[in-house]
Amino acid sequence: MSPRVIVRSLVHRIAAHPDILPTYAANCTSCHWTAEPSKDGEAVDVKCLEHAGRSGHRQFMRTVTGRAFVVREGESDEPPTP
Ligand SMILES: [Zn+2]
């Protein structure tokens, strides 16, 4: 008898960590100005508007960094131990 391999597929999905808020950041594409990273995205947008008003620079790279985790089929939405 030849060896058997049992393959099963599990449904996974990815979820945002409920206890760790995303961090928003932005930097000007015309100079070295950067907004202080914040959990408040609107506050970062306001900083960009202020910089635009002072400098005339109107384009920014914006990033949002957040923690996510994989939820396996049948598991709860509780984040696993890192
Ligand atoms: Zn600038």
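Biologist: Hi! Which residues coordinate the zinc ion?

Modeller: Cys-28 and Cys-31 each use their SG atom, His-51 uses NE2 and His-57 uses ND1. The distances run from 2.1 to 2.3 Å. Keep in mind that this is a predicted model.

Biologist: And what is the arrangement of the four donor atoms?

Modeller: Tetrahedral, because the angles they subtend are 106 to 113 degrees.

Biologist: How are the donors spaced along the chain?

Modeller: The spacing is C-x2-C-x19-H-x5-H. Cys-31 sits in the loop between β2 (23-28) and α1 (41-55), while His-57 is in the loop between α1 and β3 (60-65), so this pair ties together parts that are 26 residues apart in sequence.

Biologist: Okay, so what about exposure? Is His-51 buried or exposed?

Modeller: His-51 is buried, because its relative accessible area is 6% and the cut-off for buried is under 20%. Cys-31 is partly exposed at 29%, and His-57 is also described as partly exposed, at 22%.

Biologist: Where does His-51 lie, and what does it touch?

Modeller: His-51 belongs to helix α1. Setting aside residues up to four places away in sequence, His-51 touches Cys-28, Cys-31, Trp-33, Gly-56, His-57 and Phe-60.

Biologist: Which residues of α1 are buried?

Modeller: Gly-41, Val-44, Cys-48 and His-51. Looking down the axis of α1, you find these buried residues within an arc of 80 degrees, so they line one face of the helix.

Biologist: Why would residues three or four places apart point the same way?

Modeller: Because an α-helix has 3.6 residues a turn.

Biologist: New topic! Which residues make up the largest nonpolar core?

Modeller: That core has six residues: Ala-26, Cys-28, Trp-33, Ala-35, Val-44 and Cys-48. At least two residues of this core come from each of β2 and α1.

Biologist: What is Cys-48 in contact with?

Modeller: If we leave aside neighbours within four places in sequence, Cys-48 is in contact with Ala-26, Trp-33 and Phe-60.

Biologist: I also clicked on Arg-62. Where is it?

Modeller: Arg-62 is in strand β3. Arg-62 counts as exposed, because its relative accessibility is 57% and exposed means over 50%.

Biologist: Which residues is Arg-62 in contact with?

Modeller: Ala-25, Ala-26 and Asp-45, once neighbours within four places in sequence are left aside.

Biologist: And how many residues apart are Arg-62 and Gly-41 in sequence?

Modeller: They are 21 residues apart in sequence, and their C-alpha atoms are 9.7 Å apart in space. Gly-41 lies in α1 and is buried, with a relative accessible area of 18%.

Biologist: What about Asn-27? Which strand is it in?

Modeller: Asn-27 is in strand β2, and at 31% relative accessible area it is partly exposed. Not counting residues up to four places away in sequence, Asn-27 touches Trp-33, Thr-34, Gln-59, Phe-60 and Met-61.

Biologist: How many residues apart are Asn-27 and Pro-3?

Modeller: 24 residues in sequence, and 57 Å in space from C-alpha to C-alpha.

Biologist: Last one: where is Pro-82?

Modeller: Pro-82 is in the segment after β4 (68-72). With 96% relative accessibility, Pro-82 counts as exposed.

Notes:
Residues are numbered from 1 along each chain as its sequence is written. This is a predicted model: local features need pLDDT of at least 70, side-chain atom pairs count only at pLDDT 80 or more; totals for chains, interfaces and linings use all residues. Side-chain values use heavy atoms; hydrogens and water are left out. Donors are N, O and S atoms within 2.8 Å of the metal (3.2 Å for Na, K and Ca); water is not among the atoms, so sites may look incomplete. Four donors count as tetrahedral if all angles lie between 85 and 135 degrees; four count as square planar and six as octahedral if opposite donors are over 155 degrees apart and all others between 65 and 115; anything else is irregular. Helices (H or I, at least four residues) and strands (E, at least two) are DSSP runs, numbered from the N terminus. Buried means under 20% relative accessible area, exposed over 50%, partly exposed in between (1.4 Å probe, protein chains only). A nonpolar core is a set of buried Ala, Val, Leu, Ile, Met, Phe, Trp, Tyr and Cys residues joined through side-chain atoms within 4.5 Å. Contact means heavy atoms within 4.5 Å. The arc is that of the directions from the helix axis to the C-beta atoms.
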